[in-house]
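Here is a short report for a reader new to this structure. Please look at the sequence and the model first.

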Amino acid sequence: MTLYKFIKDWILIFAILGGVLGYFIYTSIPALDGTHAFMLQAVSIIQPLLIFGMLFLTFSRVNIRKLRLCRYHWWLLLFQTGMFLSIGALLTVMPHSGMRIVLEGAMICLICPTATAGAVITKKLGGNAAHIITYTILINLAASLVIPATVPFVHPTPGMSIWNASVLILGKVFPLLLLPLISALLIRQFFPKLHYIISSRHYLSFQLWVVALALAMAVTTRYIVHSNVSLSTELWLVAVSLASCILQFWLGRKIGSMYNDTVTAGQSLGQKNTVLAIWLGYTFFSPITSLAGGFYSIWHNVINSWQLYRHKKLSKTQHLK
């Protein structure tokens, strides 16, 4: 039971390591050389399906009547969309910047929606689960609008107009960010028995997250191995992901403290759906950009682990008093 608990507590770290090691093991087997192109294509299809599944299962538990819109939600939205648009505008007027890849990495770290597991961690830390679920819906909606409107200017597609590129990106982003919510609400309304079956299996969302994270890290590792980008650029991506993570947790808690909801606001802004961030990186920017999302996954899990440890320790101290 001790080993089982240890694996369960650190399963996301195991998923990250499993994805990295799995890639090297897979590519080191000569007999599988002929399957590389097929597997890459398969992962490009499976990854969005896993993201959709995670969001759908999470939103299946959402009761619209219990959602609560808070004033600080608007400040968090303003920060995420404002920073994304500001960096996008900077790259649009400076298309040949030597820091382009690094700034694109910052963009995906900043606009990435709240993690589907955010409500679980928030509740354990004593925050308000309903408030973070509300923000998760809001930021998914906002991201589905600003990403298609911004990316074609920042990262133009050769031979394609801005409008056509926006529509193409919208066609990829909308099914992942909004269709899960719409589908979950429709099933709740018109198929209550099916909704009960689905919502009672909400734990599958976390299991899908583990699989998706492992695949995402394997894909990120592949791009690092085959990348011609300098080591300094890769290290800058690591640094910008760490800076983005610390900034968002700190700023979220700072804003939340003014509304007596410190924990929830901090998790809303800092805890990200990093599988989606990785997907955004290699789908709409340069593949190496996904490295920022991969490392953000490590940083926010480290911060969450520290917060849970600290909260548990404080709870024990208060209980003894």
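Cys 70 is buried, because its relative accessible area is 13% (buried means under 20% relative accessible area, exposed over 50%, partly exposed in between, with a 1.4 Å probe and protein chains only). Cys 245 is in no disulfide. The nearest cysteine sulfur to that of Cys 245 belongs to Cys 109, 8.4 Å away. A disulfide here is a pair of cysteine sulfur atoms within 2.5 Å. Cys 245 counts as buried, because its relative accessibility is 0%. Across the whole structure, a search finds 0 disulfides.

## Basis of the model

This is a predicted model, in which local features need pLDDT of at least 70, side-chain atom pairs count only at pLDDT 80 or more, and totals for chains, interfaces and linings use all residues. Residues are numbered from 1 along each chain as its sequence is written, and side-chain values use heavy atoms, with hydrogens and water left out.

## Helices H2 and H11

Helix H2 covers residues 11-27, and helix H11 covers residues 204-226. Helices (H or I, at least four residues) are DSSP runs, numbered from the N terminus. The two axes come within 7 Å and cross at roughly 40°. Axes are lines fitted to C-alpha atoms, for helices over the stretch in contact, and angles run from 0 to 180 degrees between N-to-C directions. H2 is therefore oblique to H11 (under 35 degrees is roughly parallel, over 145 roughly antiparallel, 65 to 115 roughly perpendicular, the rest oblique).

Contact means heavy atoms within 4.5 Å. From H2, the residues that meet H11 include Ile 11, Gly 19 and Phe 24. Those of H11 include Trp 209, Met 217 and Arg 222. By class, this contact of H2 with H11 has 15 nonpolar, 3 polar and 1 charged residues. Ala, Val, Leu, Ile, Met, Phe, Trp, Tyr, Cys and Pro count as nonpolar, Asp, Glu, Lys and Arg as charged, and the others, Gly among them, as polar.

## Helices H8 and H14

How do H8 and H14 pack, and at what angle? H8 (residues 162-177) and H14 (residues 274-284) pack at about 170°, with axes 12 Å apart. They are therefore roughly antiparallel to each other. H8 brings Ile 169, Lys 172, Val 173, Leu 176 and Leu 177 to the contact. H14 brings Leu 276, Trp 279, Thr 283 and Phe 284. These residues divide into 7 nonpolar, 1 polar and 1 charged.

## Asn 260

Asn 260 lies in the loop between helix H12 (231-257) and helix H13 (262-270). Its phi is near 55°, a positive value in a residue other than glycine. Most residues other than glycine have a negative phi. Asn 260 counts as exposed, because its relative accessibility is 75%.

Conventions:
Helices (H or I, at least four residues) and strands (E, at least two) are DSSP runs, numbered from the N terminus.
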